Amino acid sequence: MTQAVCILGVTGSIGQSTLKVLAKHPEHYSIYALSGYSRMAELAMICREHRPKVVVVPAEKVAELSEYFNEYQLKNIEILTDTTGLEQIAAHPDVDIVMAAIVGAAGLLPTLAAIKAGKRVLLANKEALVMSGELMMQAAHQSKALLLPVDSEHNAIFQCLPANYMQLDKQGEPILGVSQILLTASGGPFLTTSLEQLEQVTPAQACKHPNWSMGQKISVDSATLMNKGLELIEACHLFSIKEHFVTVVVHPQSIIHSMVQYVDGSTLAQMGNPDMCTPIAHALAWPERIATNVAPLDVFVHAQLNFQAPDLVRFPALKLARQAMQAGGIMPAVLNAANEVAVAAFLKQQLSFLKIAQTVEHTLNQVQNVAAESIDLILHTDELARDVAAQYIRRLGS
C-alpha cells in the first residue's frame, strides 16, 4: 500500500530532492498534491510527469498554469489558490505525508494545518517553527502529528538522540542522559572573509555556497549565519531544550551534520555527504531506512575534519537569534520577519550585506515583546516587524 504525499514548495531545492527520493520508491509513495509559487513552466512539467490530483499556485498564476496544462493535455488536475488552497491540501484526508518546504513565513499556516490534521509532517520550513514554535509543538502533541525534521542538522540530532526522547517530559532541561547539542555550521562562503571585505560582497557571492545547493534566501542566511540562528531556535522547540544547551560549531566540510553529547562522555555524530536526499529519505521512512542515490561517505577522501567557534563580530546575526530565543514571546517572529525583509532588499541590491543584521537588530529593538499567545498575534507581529524593517531600510537608502 502506497502512502500519499503532498509537497508544499515542489519547485524549490528541497521539493526537487523530495521528488528524486520518491521516484526511487514508487511502490511505497504516490504524489497526491503539489504547490508552486513562481516557476509555472517547471511546475507544469512536474505535474506532467507525476500527475498529482491537486496543485496550488497564487491566484494570479492560474491562467499561466492553465495554458501549460492545456498544452500538455492535463485535464484531471484540480487547481487551487493561495493560502486557503495550501491549507486544504496540507490537511486533506487522502494525504498521509506532508513535505513542508515553502520558504519563509508563507509556510506557517499550511504547515500548521498539516500538524492539526495529524499528518506525518517533514519539516523543512524552519521559519514556521521559529515564528510559532510553542503553538506548533502544542498542536502536534494534541493531534498526535509526527513532526520529523528535514534540515540536515536537526535530522542529525534526531538520529543521535535516544529513541524514546519524544516520550520524555523535558520542560527545557536536557533530554535524559544528554548534556549538550552541538549544532554544526559550514560557515558559509565568507568563513575567512574580513569585516572590511564583507562590506562589499554581492548577492551572487553570498548565494555561492561552498557545500550545498540551495535557494537564494537560505543561501544568504547561511552567509550571514542567520540560518544557524534560526536553526538554533528550531532545535530548542523540536527537542524541548533551552538555548544555552545548544552550542554552534563551525565545521567547514559539512560532513558531520550535528552531534549530541552525553553525560557519560560520549559524543554521537551523524555523518554523510552533503545531500538533502539523505535526511528527506530518513524522515519519509522513519523508523525504517530506504535507499537513495547519495554516495556513501568515503572517510579516506574526507580524512581531515575541522571545527572552530563562530565569529560573532563578523556574523552578529547568530547572536541576535540567540538573544531573540532568550527573550521568547514574539521576538523570534520579529527576528524572522525583519530578516526576510532585509535579505530580500539585499538580493535586490538595496541593502549592503552587513546591514542585514543591522536591520534585524534595529527591528528587534523597536518592537515591544509580548507573549506569543495566538497565531493571529504572530501574523500581526510578522506584518508589524516587516513594516519597521522596511522603513529602516528606506531611511538607510535615503
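**A look at the listed binding site**

Author: Happy to! Let's begin with a helix: Glu231 is found in α11, which covers residues 226–238. Keep in mind that this is a predicted model. The unreviewed UniProt entry gives Glu231 as "binding site", along with Asp151 and Glu153. These residues span 81 residues in sequence, yet no two of their C-alpha atoms are more than 8.4 Å apart, so they gather at one spot.

Is Glu231 buried or exposed? With a relative accessible area of 2%, Glu231 is buried, because buried means under 20%. Its side chain makes a polar contact of 2.6 Å with the side chain of Lys228. If we set aside neighbours within four places in sequence, the residues in contact with Glu231 are Lys126, Asp151, Glu153, His154 and Leu183. That list includes Asp151 and Glu153, which the UniProt entry also gives for "binding site".

Now let's move to Asp151. Where is Asp151 found? Asp151 lies in the loop between β7 (146–149) and α7 (152–160). Asp151 counts as buried, at 8% relative accessibility. Again leaving out neighbours within four places in sequence, Asp151 is in contact with Glu231, and also with Leu123, Ala124, Lys126, Glu234 and Met276.

Note on methods
Residues are numbered from 1 along each chain as its sequence is written. This is a predicted model: local features need pLDDT of at least 70, side-chain atom pairs count only at pLDDT 80 or more; totals for chains, interfaces and linings use all residues. Side-chain values use heavy atoms; hydrogens and water are left out. UniProt positions are given in the numbering used here, feature names are shortened, and annotations may be inferred rather than shown by experiment. Helices (H or I, at least four residues) and strands (E, at least two) are DSSP runs, numbered from the N terminus. Buried means under 20% relative accessible area, exposed over 50%, partly exposed in between (1.4 Å probe, protein chains only). Contact means heavy atoms within 4.5 Å. A polar contact is a pair of N or O atoms within 3.5 Å; within protein, one must be able to donate a hydrogen and the other to accept it, and residues adjacent in sequence count only if both atoms are side-chain atoms.
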